[in-house]
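Let us walk through this structure in steps. We begin with a helix pair and then turn to the DNA.

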2 protein chains.
Amino acid sequence: MDISPETARRPDRRRERTQRQLGDALIALILERGYDDIRIEDITDRANLGRATFYLHFHGGKDELLLLTLQRVIDELVDQIQAMPLSQIGIESPFPSQIAFEHAAKHRDLYRVLLRSHSAHRLSARLREHIALRIEQRFADRLAAVGIEMPLVPAPIIAHYLSSALFGVLEWWLERGDLYDVDTMAAMVRQMHMAAIMAAIGVEGT
Amino acid sequence: MDISPETARRPDRRRERTQRQLGDALIALILERGYDDIRIEDITDRANLGRATFYLHFHGGKDELLLLTLQRVIDELVDQIQAMPLSQIGIESPFPSQIAFEHAAKHRDLYRVLLRSHSAHRLSARLREHIALRIEQRFADRLAAVGIEMPLVPAPIIAHYLSSALFGVLEWWLERGDLYDVDTMAAMVRQMHMAAIMAAIGVEGT
DNA sequence: CTGAATTCTGGACATCGTGTCTATATTTGT
DNA sequence: ACAAATATAGACACGATGTCCAGAATTCAG
């Protein structure tokens, strides 16, 4: 029953096109007037589609459309992070910071919606959580390598500290940080991250 | 016209009582079922009030009620932070961390709504922003005292890094951090904050 | 304590956005 | 070219919102 890759037939061209149009329209509208007072009809108007068409694709209202749209980008980032092997990591290996800044620069509008809009709060929270978890895993490896059993600050706290700081700076940068380029931003965050980690596990200076 | 403090007469007891009841009801409901599918009537029912009464106080719907309710607590925190004199601050003087953790512990429910609910996103963002600004000011003082003109990392970035990290850990703690008490949490954050700052302004070690 | 002002109440009402449905037109896969 | 899937426009019921009103209840001021 529908196991072979053949049987799972690719969706109609119209579906993909429609969903992309709706997503683009919603993102544009959010950046213009904010999320809350956008009606379904506003979206379909902007996308040049009939109102009824919307319900052929989404039963969860605006939320579902926004989630789908943002989820695609988030998955892309998550995949990139996952692809980074946990082994082969020296003490100076980049935290996800570099990747995150690069990715955010590439999808600026979507990230601004993701980090600023209340509607996307759940999603961005989930993403922060994911990155925190990822940091925590990576962190366990590092500790074992250096031969530390018990850091001064518990690992989950360190992880949430770092991922929240990263997102905070990322958000600031997207809104008013055109002065600095991706590499500079990533380097600055990394600098502070490393120091915070060292202090948290009880190691002195550089 | 209405300048003397006499003219501004204190609001009716019923108004205060009603608004408090409505606020309490909303907070309770949010923690139970989340913000989105709460109807005005749900709130007035819970508060034992007529539905029409709601509109005698708020014309901005649920949002206005929630904002008013949270704003009161936030103002309390902001006032406490403002009260802390900028002068008289040694290098080990507490960042707002200690105060924030204490305040959050005292108003746990409200803070959980503030930090978790999408609806409060604007408010919590504003609070983070305020604290970031406060950090930035304090930071300028510290730099002058130590005789550093230009930190490696620009001050606004440092400020947003720190305030975001603080809020991230705070959020984590409110949800699943019953293990650690206020002082421990504040101390851990302070430890990491100090190290991050030192690295950001280009000073070595402790 | 008493009267006047304010607030609360419960019901009726118009309005708006949502979601569903149907018949028809259009586009796509084969 | 034909069958299947999708888009469309309009009609419809429904629920929540916000407003209004007349009367009851509470509070304030004297």
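Two residues are in contact if their C-beta atoms, placed from the backbone, lie within 7 Å. Helices (H or I, at least four residues) are DSSP runs, numbered from the N terminus. This is a predicted model: local features need pLDDT of at least 70, side-chain atom pairs count only at pLDDT 80 or more, and totals for chains, interfaces and linings use all residues. Residues are numbered from 1 along each chain as its sequence is written, while chains are lettered from A and ligands numbered from 1 in the order in which they are written.

Two packed helices are described by the angle between their axes and the distance between the axes. Take helix α8 (residues 155-176) of chain A and helix α8 (residues 155-176) of chain B. Their axes come within 7 Å and cross at roughly 135 degrees. Axes here are lines fitted to C-alpha atoms over the stretch in contact, and angles run from 0 to 180 degrees between N-to-C directions. Angles under 35 degrees count as roughly parallel, over 145 as roughly antiparallel, 65 to 115 as roughly perpendicular and the rest as oblique. α8(A) and α8(B) are therefore oblique to each other. Among the residues of α8(A) that meet α8(B) are A:Tyr161, A:Phe167 and A:Trp172. The contact divides into 14 nonpolar, eight polar and no charged residues. Ala, Val, Leu, Ile, Met, Phe, Trp, Tyr, Cys and Pro count as nonpolar, Asp, Glu, Lys and Arg as charged, and the others, Gly among them, as polar.

Now the DNA. The surface near DNA strand D (C-beta atom, placed from the backbone, within 6 Å) has seven nonpolar, five polar and nine charged residues. Near DNA strand C there are six nonpolar, five polar and nine charged.

Notes: Helices (H or I, at least four residues) and strands (E, at least two) are DSSP runs, numbered from the N terminus.
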